[in-house]
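Me: I've got a new structure to look at. Can you walk me through it?

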Amino acid sequence: MVVFLLTATGVFCFGATSVIVKVNEITGVPKFAAPLLCWILMACCGSGIILIINRRGGPPACIRRSTRWCAGTYAALSVAMFTLFALGEAPVERPEDLDTYYANTPYVREMIVLYLVGRSAAAAIMASLCRRWLSDVSQELRVGLALLIAGYTSTLGFDVCKFAAVSARWAGTDWDVLSTEVARPFVTVSFCLILLGFGLPLAVQPFK
């Protein structure tokens, strides 16, 4: 739970334009904040899935296998994204529209696709796990799961906007507003819903 909360807060913090600029300034590497944010995001995705798998319970062997698979997959994605960033050319700092600006840049383009696929897969898996668990619980845990489903569905809305904007660049069209403006509210809404979804059962339990 602690890892998930730290990484979720890190995603929200390091995704801010002012922080992105500061990270690039401190490291001296243009757009270093991009793979750093992707790494934190993959850690958040993986830890969230692992948290639900373990809280839901089940055969210990199945839980261990699923946990290892999830951790290994998102660790591999993180390594791949850092490698692709190192191979690519990203000399211009683009704190607000990196996804679309570099949508046609070799290697950086692949890093962007991996990050979006990793996000979307995590959101879909989390929403599915929570939905399947929903019928087996009641009271505050049921409400928490409903909030998580809403939060991860909102995350998918963000990903759809990003995918559409990047795909438009591949087709030679400019739909950047989907990435820079339309997608943003989904982030705020999903962040609040997901934190409430995880936090509500923990907050209510001591009073029972």
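Reply: Here is a quick tour of a helix, a helix pair and the spaces inside. Keep in mind that this is a predicted model.

Me: Let's start with α7. How many residues does α7 have, and how far does α7 reach?
Reply: Helix α7 covers residues 139-170, which is 32 residues. From first C-alpha to last, α7 reaches 47 Å. That is close to the 46 Å expected at 1.5 Å a residue.

Me: And what happens just after α7?
Reply: Glycine 172 sits there with a positive phi of about 80°.

Me: Switching topic. At what angle do α1 and α3 pack?
Reply: The angle is about 150°, and the axes of α1 and α3 are 8 Å apart. The crossing of α1 past α3 is left-handed.

Me: Which residues make the contact?
Reply: On α1 they are Val3, Phe4, Thr7, Ala8, Gly10, Val11 and Phe14. The α3 side includes Leu36, Leu37, Ile40, Leu41 and Ala43. Cys44, Ser47, Gly48 and Leu51 of α3 are also among them.

Me: What classes are in that contact of α1 with α3?
Reply: There are 12 nonpolar and 4 polar residues, and no charged ones.

Me: How does the pocket lining divide by class?
Reply: Into 26 nonpolar, 7 polar and 8 charged residues.

Me: How many cavities of 30 Å³ or more are there?
Reply: The structure holds 1. The largest cavity has about 50 Å³ of space.

Me: What lines the largest cavity?
Reply: Ile52, Arg55, Trp133, Leu141, Gly144, Leu145, Leu148, Gly197, Phe198 and Pro201 do. The elements giving two or more residues are α3, α7 and α9.

Me: Which one gives the most?
Reply: That is α7 again, with 4 residues.

Me: And by class, what is in that cavity lining?
Reply: The largest cavity has 7 nonpolar, 2 polar and 1 charged residues in its lining.

Conventions:
Residues numbered from 1 in each chain as written. Predicted model: local features only at pLDDT ≥ 70, side-chain atom pairs only at ≥ 80, totals over all residues. Heavy atoms only, no water. Expected span 1.5 Å × (residues − 1). Nonpolar A, V, L, I, M, F, W, Y, C, P; charged D, E, K, R; others polar. 1 Å grid on protein atoms, 1.4 Å probe; cavity = no way out; pocket = protein on both sides within 12 Å on 5 of 7 lines; lining within 4 Å. Points joined across faces, edges and corners; volume = space filled by probe spheres on them. Axes fitted to C-alpha atoms, helices over the stretch in contact; angles between N-to-C directions. Left-handed = near helix turned anticlockwise from the far one by under 90°. Contact = heavy atoms within 4.5 Å.
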